Amino acid sequence: ALAWLPTEALLLVLSFVLYRRGVVQRMHRLSSMQQERNRKRLLERGQKIASLLPGMVYQLKRSPDGQYSFLYASEGARELYGADPQELVDNATIPFAAVYDPDRPGLRDAIERSAAKLGGGATRFRINNPEKGLIWVEVRATAERLRDGSTLWHGFITDITPLMSTAIALSESESRFRSMVSNLPGVVYRRSGDVERTIRYVSDGVERLTGYPASDFIAPGQRSFSNMIHPDDRASLQRSNKDQLERTYRLINASGQTLWVQENSRALRAADGKVLWHDGFIWDVTQRVQAEQAANERERYVRLLIANVVDAIIIINHRGLIETFNRAAERTFGYSEREVLGRNLSMLMPEPHRASHDGYLHAYERRGEPQAHELNRKLTAVRRNGEAYAIELRVSEISHQGERRFIGLVRDITER
């Protein structure tokens, strides 16, 4: 009996080990089944979420020999490619065949860059949709390298046609705007409402005006437009804080020349009154200013000549109002120029000519013919002190800025 004891003990140990192994196997099977159920639940949940997305979620694998295969494709495949997701899994060429031919090289390059660098990336291209025709899509994917050398992409592709249509329309609009602005004889700009007057946009015309490219002025550019303003004009311009401005000032360009420019600008404010930016236009008015300066100089010269003529000269407009009264006239009549400018010439006449003077002018205008002009006439005038005296008057008619003017040359002939 004692001889069987070791055998029985061995059998008991073996039975326990077998029982234990069976328990472990059953637990492992239960654990595997639970994991499989969890995996299926997660997969179903992921598929439900993917089906709600406006696009297709996918897993794409490229083997070391360059063959592509879809491990997974969501329901979005139907809307993008008109194909069942399983069709993509069975035939990975369907999405590639839908790519618009001119976009194939760009997509191929994007795939190669992604496979080389791994990690995340995005690209846009066009595909032929069976219902909508040519549409824009965007692909965002993350690439990883598998142990066997394959590349696996986890990605999402969606229709971005509305976005691209807007972007293209905006680009075309901007192109038209830039083309239009480039043909304007000046500079279009937008600057911030900050103290630094930061320029946010300036047209290419600024180079024709200043000699420097637009990039020099746009923040954070290396050049300030304000520093190009003539020092004598800079301080007065910086003090201006009105919402709408029209100003003329001097500018020193890249070659050191001084230009006269006209700037019109307008401030745009937010609802709280804060200045968002200023939009403006600047153009070269050097020729205009020089012409005005020359005209003013000529006018000053003529006035100087008239002022120093020995005989009295009086210029009136078509209504009989005095516009010029030279020094000789001041001495002859006793009035200063300031006292008579804008007043009727009849103030220098005695009655009854004083009351009838305007009637003479009206009658002349109706006739339209000179009657008493370019002739020397002997008349009576009245000085400031009321003294009446004899004068010789010669009248000439001119047209200035579309209006009639009458020039009277008066000579005191009392001594005659």
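**Exercise 1.** State what share of the chain's contacts between residues at least 6 apart in sequence join residues at least 24 apart.

*Solution.* Take contact as heavy atoms within 4.5 Å. Of the contacts between residues at least 6 apart in sequence, 39% join residues at least 24 apart. The model is predicted: local features need pLDDT of at least 70, side-chain atom pairs count only at pLDDT 80 or more, and totals for chains, interfaces and linings use all residues. Residues are numbered from 1 along each chain as its sequence is written, and side-chain values use heavy atoms, with hydrogens and water left out.

**Exercise 2.** Identify the residues of the largest nonpolar core that touch the most other members.

*Solution.* A nonpolar core is a set of buried Ala, Val, Leu, Ile, Met, Phe, Trp, Tyr and Cys residues joined through side-chain atoms within 4.5 Å; buried means under 20% relative accessible area (1.4 Å probe, protein chains only). The largest such core has 25 residues, and Met56, Tyr58, Tyr81 and Ile157 touch the most other members. Strand 4 contributes the most, five residues; strands are DSSP runs of E, at least two residues, and helices are runs of H or I, at least four, numbered from the N terminus. Beyond its neighbours within four places in sequence, the contacts of Met56 include Phe70, Leu80, Tyr81 and Ile157.

Terms used: Buried means under 20% relative accessible area, exposed over 50%, partly exposed in between (1.4 Å probe, protein chains only).
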